[in-house]
Amino acid sequence: MRTVEHEAARLAMWLFLASELLLFAGLFALYTGFRAEYPALFTAGIERDALALGSTNTVVLIVSSFTVAWALHSVRGDRRRTAVIALAVTMLLGLTFLTLKGIEYAEHLSEGIRPGTNVFFTLYYLMTGLHAIHMIAGLVVMTWLLRGVWRRRVTAERHTALELGALYWHLVDCVWIVLWPLFYLAR
Amino acid sequence: MIMRSGAPLVLALVALLALTALTFGMHFAALAEPWSLTVALAIAAAKIAIVATVFMELREVRGTPAIVAAAAIGFVALLCFGIAGDVAFR
């Protein structure tokens, strides 16, 4: 049953998601403007990005979106154990993403590529770094939700928190879906 | 409480992974600019649509949240057209 509190919470989350979408859209606009100004610089920058790591991270995040959706589906079907496993896998995938990102940053830094090296890599660190911060926040939320499902505070009758947490996770995935071609593929 | 089959979720995952593989393959197709970026972003838009409609259940959002979602998408589209116009007429 949809309560007033549930509807208010959903509205608040959609407002938050809208603000996050516009934040990243502004950064994508910045990327577009600079790419049009310095096409050769961007092509050279993309060549130096780790295609394998970035592509693996894309698959990792897409699967994690599936697992968190599966967790919600399981909670709705009163399958608590399946939901716990799905959320745990989601968190594992999120940690995998951040680990691979860290490896990538370490490789760039060891080559002397830092924020400020040029426009492309400044945008790269800014946008992927902001995305990584959102991932960390998402992992905190997932930890809280996993605990809630495990302790039966999130149930088939009361799972607004999981619905909203999943929405946030999917948005973070959508942002990476756009970041991947911009920084790793389109040359 | 809404009971749904999990099949749409699985199908969405398969579609997303297939589109990801397609994007990866296009990288080696050596398309000329700006088609390389345009095709990649078009595929990304399709993937986002799948995530939004299946995983985020955007089709079932009603009332004010639907207006908020539509407004956000509208403003992003406006920004995209504005930037594209600026870049095209420099």
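In chain A of this predicted model, 80% of the contacts between residues at least 6 apart in sequence join residues at least 24 apart. A contact means heavy atoms within 4.5 Å. Because the model is predicted, local features need pLDDT of at least 70 and side-chain atom pairs count only at pLDDT 80 or more, while totals for chains, interfaces and linings use all residues. Residues are numbered from 1 along each chain as its sequence is written, chains are lettered from A and ligands numbered from 1 in the order in which they are written, and side-chain values use heavy atoms, with hydrogens and water left out.

Chain A holds 6 helices and 0 strands. Helices (H or I, at least four residues) and strands (E, at least two) are DSSP runs, numbered from the N terminus. The C-alpha trace spans about 55 × 30 × 20 Å along its principal axes. Of the 187 residues, 57% are buried. Buried means under 20% relative accessible area, exposed over 50%, and partly exposed in between (1.4 Å probe, protein chains only).

Helix α6 of chain A covers residues 160-185. Its 26 residues reach 37 Å from first C-alpha to last, close to the 38 Å expected at 1.5 Å a residue. The expected span is 1.5 Å times one less than the number of residues. α6(A) bends by about 30 degrees at L179(A). The bend is the angle between axes fitted to the seven residues ending at a residue and the seven starting there. A proline, P181(A), follows within four residues. α6(A) is mostly covered, with 24 of its 26 residues buried.

L179(A) is also touched by M127(A). M127(A) lies in helix α5 (residues 119-150) of chain A. M127(A) counts as buried because its relative accessibility is 0%. Leaving out residues up to four places away in sequence, M127(A) touches F24(A), L27(A), F28(A), Y31(A), L179(A) and F183(A). M127(A) and F183(A) are 56 residues apart in sequence, and their C-alpha atoms are 9.8 Å apart in space.

H108(A) belongs to helix α4 (residues 80-110) of chain A. H108(A) is buried, because its relative accessible area is 3%. With residues up to four places away in sequence not counted, H108(A) touches R48(A), D49(A), I113(A), F121(A), Y124(A) and Y125(A).
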